[in-house]
Amino acid sequence: MGLIGHAARPEVSSLRELSEALGAAEDADALASAGAQWIGTVLGPATPVSLARPDGSSHRLRITWTSGSSAGLSEKAERRRVVERRAAFASLRPTTVRLEDHDQILAMLPLMCRGRAVGVLEVVAPEAGLEAAWDLLEAGTSQLGAALHVLTQNERFRRRVESWERTANLEAALVRAKSADEAVRIAVRFVWERVRVPVAGWCEANGGIHTLIETRGLANSARRELHQLLPTIPPWGSLGASEQEAAKQVFRDIAGVHHVSALDARDGVLLVGRTDEAIDGSIEMVGSLLAEVLHILDEAALASMRNQRFDLGIAWTAHELRGPLLGVKAALELLLMRRPPDPSEDAFLRTSLSELDQLTSSVDAILTWAVGEQPLPTGEADLVRVVEETADSCRLEFGQDRVIVIEAPDGVIAPVEPTHLRMVVSNLLRNALIYSFRGTKVEVVVRDSVDHVELSVRDEGPEIPAKDRRLIFDPFARGSNSGSNRIGTGLGLFIARRIVDAHGGRIWVESDPGWTTFYVRFPIEGRNQQRFAS
């Protein structure tokens, strides 16, 4: 058309006013409005103006703001308008379309910043007016492009921050969930509040089948129909493609949507209705977050069940042992009275009798503590004395040739009930004597500090592999180096850990080829605190 180069000189004050108006715009609509007002001062107050911006998902140019009433276009001209708009955006060069039966021109001015297009400004005006104001329009659209670029970047950053905030809020809510059902309900509610589309959630029940537990965005009749037609779903990953599509089709028909996405959380699944094929990125991450939380809840439930069963096992054992223990105690007393005393045998029998007497007197306390109905009995004991008495008992049991060396001050008071403290020390000493090499010594060290007392038991034996150093404190667990010839049930270290944990203490092991040391530390400040089984 030869429009460029024939405009009147731009008014500096006009561009300054435009710059100030663009600087005050808070969003794209306000920016387009400011630009339209400015164009009205240049071309006339009734000049139609439209702003086209690339769609975020499909990147197609869409009219996002318009003002004024432009002359209608024929279907052919409208198609050309779309083509020319795309051409202006892609080439970064202005283009025009002559409107039929009118002395009007549709000018398409690409809005650019740093050599990239951010939108297209469309203006309908008489050809003569556009000719006269073209240079000024190009200067103004340059400012519009820079301002729109800044707003676009701010919008993207705001959406990203909002997405992070939503993700953080969802994570926090899921972490607080006390059950898998509650976690699935939280996820369903999040999806509904985020995109306002039909959504339903199934959660694993007994046998691995997922049961429908929550729906949002469905009418009551549709909700009832879903419960009738799709009350359960097998684990989503176990379904074939055709089976997954069949389940989606049921939800698609009931919800009245064209597309359905499945968010697979392994122990649960969400079906989300959509109006188009695209799905929001913040919705896609719901499945992975929910899967992690459901896995953690499942592990916690299994651990709780194992502990509960084991605690009941301890209680049952304590209850059933009461009678046999009293019988053995009576037999030992009778044996000591009837046979001539041998010094070594007499010492062993009397030590065993003393231990049985202490054990039988504490059975009731152990039983009620094991099931968590009573606090752990509190008390204090001389750790050094318990170590020395336990070492004497172990020498009688394992033979005097097993050397036990004790390094300790005269007395160290530990905030532990004597019977329980003896169980800890006995299990550690016996463990060291069982697993150490014959002819080697076991070293026991007791240390008293300002805020804790510490016991260490060191033996010369095979190294405990790193992978076993936590495992060996679990019930019935035995290290990979234990061998079939070792005695024991795998409960000694577990019992020691339970007692230490219940007193707020810590037990751990360090091991290298040729030696192993177990450490126990009890805090002094916990001495007068009430303690419960962990």
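Mentor: Happy to! One working rule before we start: two strands are said to pair if DSSP finds at least two bridges between them. Keep in mind too that this is a predicted model.

Let us take strand E10, residues 268-274, as our part. A residue is called buried when its relative accessible area is under 20%. By that cut-off, 7 of the 7 residues of E10 are buried, so the strand is largely enclosed by the rest of the structure.

Now for the partners of E10. Strand E9, residues 259-264, pairs with E10 in the antiparallel sense over 6 bridges. E9 and E10 make a hairpin with 3 residues between them, and in its turn Arg 266 has a positive phi of about 65°. Strand E6, residues 199-204, also pairs with E10 in the antiparallel sense, over 5 bridges. Here you can find Cys 203 opposite Gly 268 of E10.

The buried residues of H5 are Ala 183, Val 184, Ile 186, Ala 187, Val 188, Phe 190 and Val 191. Arg 196 follows H5 and has a positive phi, near 55°.

E5 belongs to an open sheet of 5 strands, ordered E2-E1-E5-E4-E3, with antiparallel pairing. The edges are strands E2 (61-67) and E3 (95-98), each of which pairs on one side only. From one strand to the next, the twist averages 20°.

Within this sheet, E5 pairs with strand E1 (residues 49-54) over 4 bridges and with strand E4 (residues 104-113) over 10 bridges. Val 120 of E5 is a handy landmark: Ala 52 is its bridge partner, and Pro 110 also stands opposite it. Elsewhere in E5, Ala 125 has Ile 105 opposite. E4 and E5 form a hairpin with 2 residues between the strands, where Arg 114 takes a positive phi near 55°.

Helix H2 (residues 28-43) lies across E1, E2 and E5, running at about 60° to E2. Helix H3 (residues 75-91) lies across E1, E2, E3, E4 and E5, at about 135° to E5.

For a helix-to-helix contact, look at H12 (residues 418-435) and H13 (residues 492-502). Their axes come within 9 Å and cross at roughly 145°, in a left-handed crossing. On the H12 side, the residues in contact are His 420, Met 423, Val 424, Asn 427, Leu 428 and Asn 431; they meet Gly 492, Leu 493, Ile 495, Ala 496, Ile 499 and Val 500 of H13. By class, this contact has 8 nonpolar, 4 polar and no charged residues.

Finally, the overall setting. The protein chain has 13 helices and 17 strands, and buried residues make up 43% of its 534 residues. Among contacts between residues at least 6 apart in sequence, 63% join residues at least 24 apart.

Notes. Residues numbered from 1 in each chain as written. Predicted model: local features only at pLDDT ≥ 70, side-chain atom pairs only at ≥ 80, totals over all residues. Heavy atoms only, no water. Buried < 20%, exposed > 50% of the residue type's maximum accessible area, 1.4 Å probe, protein only. Axes fitted to C-alpha atoms, helices over the stretch in contact; angles between N-to-C directions. Left-handed = near helix turned anticlockwise from the far one by under 90°. Contact = heavy atoms within 4.5 Å. Nonpolar A, V, L, I, M, F, W, Y, C, P; charged D, E, K, R; others polar.
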